[in-house]
Amino acid sequence: PGGSAPLATAQPVSLQAATGDAVVDAVKDLLPSVVTVINKLPNGTAQSSGSGFVIDAARGYIVTNNHVVENVRDIQSGASFDIVFSDNSTAKGATLVGRDPMTDVAVLQVTGRKDLRAASLANSDQVPVGATVVAIGSPLGEFQNTVTSGIVSAKGRRVQESDTTFLEDLLQTDAAINEGNSGGPLIWAGAKQVIGMNTLVNRGQDATAQGLGFAVSSNTIREITDELIKNGKVERGIIGIRYQPVSSRAAVSLGLPAQTTGIIITEILRSSPAELSGLRVRDVITKVNETQIDAEHPVQSILLHHRPGDKVKLTIIRDGKQQILDATLGKG
């Protein structure tokens, strides 16, 4: 819908030029790109709201979280969507181009607007931990254009969003993120570029931990939105496993060097490519073809480049010995 031209990556950033505190300038540049997304029921009543931002002004594409466009009571999408811009103008009846629950990314499209301003998507691998960042959104659905700031606390995080969904390659920030901020941009202030999409807050089991906000990385946003714009959905090849990342502690417990990266298989799904290829629980997968699995290149992102039916070589470590298994990916 609207062509298949891929989204561009912002120009590389000079770290020396991007280390200053330029919060005011970043907000001035990017606030016009930020929107509020109102999710409506079939009768026209607003059921929820969140944030989003323009990623393609010419084609009217806006990115937000999948959970912003979902129904409150189920996993279907809302009936209609209104977009409120930073100047309080409104575009009614935005089209849902596509959504991907696995990465919590959704794309909407508005038409007839000639005054849109797109935010530049940075290469999120380039942003250093400790960089000053700005979050913009509409917390609680009422406080539109709210700006908070903090730093990039960590990169390559993996966080459980639901019983079945783990989000990967997340940026961690201590910038205040509240309900309604979901879908808004996380901006590298010094570069005035978007490095992530604010998605969730983890307050811990006792709900007292503060400053644990997470954003979908801009590199993930770019890959997923390109696919959604082109095909309306994401068809990724799957191995058919449940897993957890290899931590240094887990690596040592398996008799491996502490710096080993990859994933540990915790469950093999029945009749899956994993079972057919001979993978076993406790196998450590370190590579898909020649791509190393690590925090910034999680297996979910790597598999986004492969389709069901593709044949891949999996480098594994079993009982301390490395070997390569062939697998034909299934449909996810």
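Which residues are exposed on the other side of helix 1? The legends below, drawn from a predicted model, take up this question and then turn to other parts of the structure.

**View A. Helix 1 has a buried side and an exposed side.** In helix 1, which spans residues 23–30, the residues Val-23, Ala-26, Val-27 and Leu-30 are buried. These residues cover an arc of only 100° around the axis, which means that they stand on the same side of helix 1. An α-helix has 3.6 residues a turn, so residues three or four places apart point the same way. On the other side of helix 1, Val-24 and Lys-28 are exposed. The buried residues of helix 1 are covered by elements that include strand 1 (34–40), strand 8 (132–137), strand 9 (146–160), strand 11 (185–188) and strand 12 (193–201).

View B. Strand 6 runs antiparallel to strand 7 (residues 105–109), to which five bridges join it, and Leu-96 has Leu-108 in strand 7 as its bridge partner.

**View D. Arg-113 lies over the face of Phe-85.** The distance of Arg-113 from the ring centre of Phe-85 is 4.1 Å, while the structure as a whole holds zero aromatic pairs.

Note on methods
Residues are numbered from 1 along each chain as its sequence is written. This is a predicted model: local features need pLDDT of at least 70, side-chain atom pairs count only at pLDDT 80 or more; totals for chains, interfaces and linings use all residues. Side-chain values use heavy atoms; hydrogens and water are left out. Two strands pair if DSSP finds at least two bridges between them. Helices (H or I, at least four residues) and strands (E, at least two) are DSSP runs, numbered from the N terminus. Rings of Phe, Tyr and Trp (its six-membered ring) pair if their centres lie within 6.5 Å; planes under 30 degrees apart count as stacked, over 60 as edge-to-face and the rest as tilted. A charge sits over a ring if NZ of Lys or CZ of Arg is within 6 Å of the ring centre and within 35 degrees of the ring normal. Buried means under 20% relative accessible area, exposed over 50%, partly exposed in between (1.4 Å probe, protein chains only). The arc is that of the directions from the helix axis to the C-beta atoms. Contact means heavy atoms within 4.5 Å.
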